[in-house]
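Please work through the following exercises with the sequence and the model at hand. Each task is followed by a solution in steps.

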Amino acid sequence: DYFKTIKERYAQMVTDDEDKEHFITGLESIDKTINGGGYGRGEIISVVAGSGVGKSVMLGCIAATNLMRGKRGAYISLELAEHKVADRMDAILTGYPVQNLYGHRESIFEDLGNLKGVDYESKIPVVIKQFPAGTATVNIIRAYIAQLRFHGFDPDFVIVDYIGEMADIPGMKTYESREKTVRDLRALATEEN
């Protein structure tokens, strides 16, 4: 009953704000404008831009920012090889240029070992998985998350890079297929919290 629950709903707002786990983009101007200072569990963030302008780099930055805040994540790539995503993460987390990571490897090993909030020796803060372009569906991602949990890894966030490389739904126009895929990903985010 809408009117009978008004006081309870407002009391819940205080609890929600205090308990809410925030996931941020790392861009202060965006994060400040989001209610509560970031996105909560079960919500979906979309990064939309033209080809070759840095969507994957932005997703890597979002992953790195949240890893530094003690969150555990799964990065699902449908475009880049796992080692390429890992190379970008190395560069983002350490500040060394991605073109010359090998030349700085000893410093990178040390820097990654000393990351605040990330103990990669005793726990797995991020898993990177590549699926071939055009093969992954929302159900395949759902099954992968279930497999991770079965093996003891429960991610706080999941990044899918990117929807344009997911499998199209047979018999649907591309734009309809992508719209349904986004809706299904949103449902997955809600289901998996």
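This is a predicted model: local features need pLDDT of at least 70, side-chain atom pairs count only at pLDDT 80 or more; totals for chains, interfaces and linings use all residues.

Residues are numbered from 1 along each chain as its sequence is written, and side-chain values use heavy atoms, with hydrogens and water left out.

**Exercise 1. Determine the span of helix α3 and list what its buried residues pack against.**

Step 1. Helices (H or I, at least four residues) and strands (E, at least two) are DSSP runs, numbered from the N terminus. Helix α3 covers residues 55-67, which is 13 residues.

Step 2. The expected span is 1.5 Å times one less than the number of residues. From first C-alpha to last, α3 reaches 18 Å, close to the expected 18 Å.

Step 3. Buried means under 20% relative accessible area, exposed over 50%, and partly exposed in between (1.4 Å probe, protein chains only). Among the buried residues of α3 are Leu59, Ile62, Ala63 and Leu67.

Step 4. The buried residues of α3 pack against β1 (73-77), α4 (82-94), β2 (126-130) and β3 (157-161).

**Exercise 2. Explain why β1 is largely enclosed, and identify the strands that pair with it.**

Step 1. In β1, 5 of the 5 residues are buried, so the rest of the structure largely encloses this strand.

Step 2. In a regular strand the side chains alternate between the two faces of the sheet. Gly73, Tyr75 and Ser77 are buried on one side of β1, and Ala74 and Ile76 on the other.

Step 3. Two strands pair if DSSP finds at least two bridges between them. β1 pairs with β2 in the parallel sense over 5 bridges, and 5 bridges also join β1 to β3, again parallel.

Step 4. Ala74 has Val127 of β2 as its bridge partner, whereas Ile76 stands opposite Val160 in β3.

**Exercise 3. Describe the surroundings of Lys55.**

Step 1. Lys55 lies in helix α3 and is buried without a salt bridge. A salt bridge requires a side-chain nitrogen of Lys or Arg within 4 Å of a carboxyl oxygen of Asp or Glu.

Step 2. Glu79, the nearest side chain of opposite charge, is 6.9 Å away.

Step 3. A polar atom of the Lys55 side chain lies 2.9 Å from the backbone oxygen of Gly50.

**Exercise 4. Locate the cis peptide bond and the non-glycine residue with positive phi.**

Step 1. The bond from Asp161 to Tyr162 is cis, with omega near 10°. Tyr162 belongs to the loop between β3 and α7 (174-192).

Step 2. Asn193, in the segment after α7, has a positive phi of about 60°.

Methods. Contact means heavy atoms within 4.5 Å. Lys and Arg count as positive and Asp and Glu as negative; His and the chain ends are not counted. A polar contact is a pair of N or O atoms within 3.5 Å; within protein, one must be able to donate a hydrogen and the other to accept it, and residues adjacent in sequence count only if both atoms are side-chain atoms.
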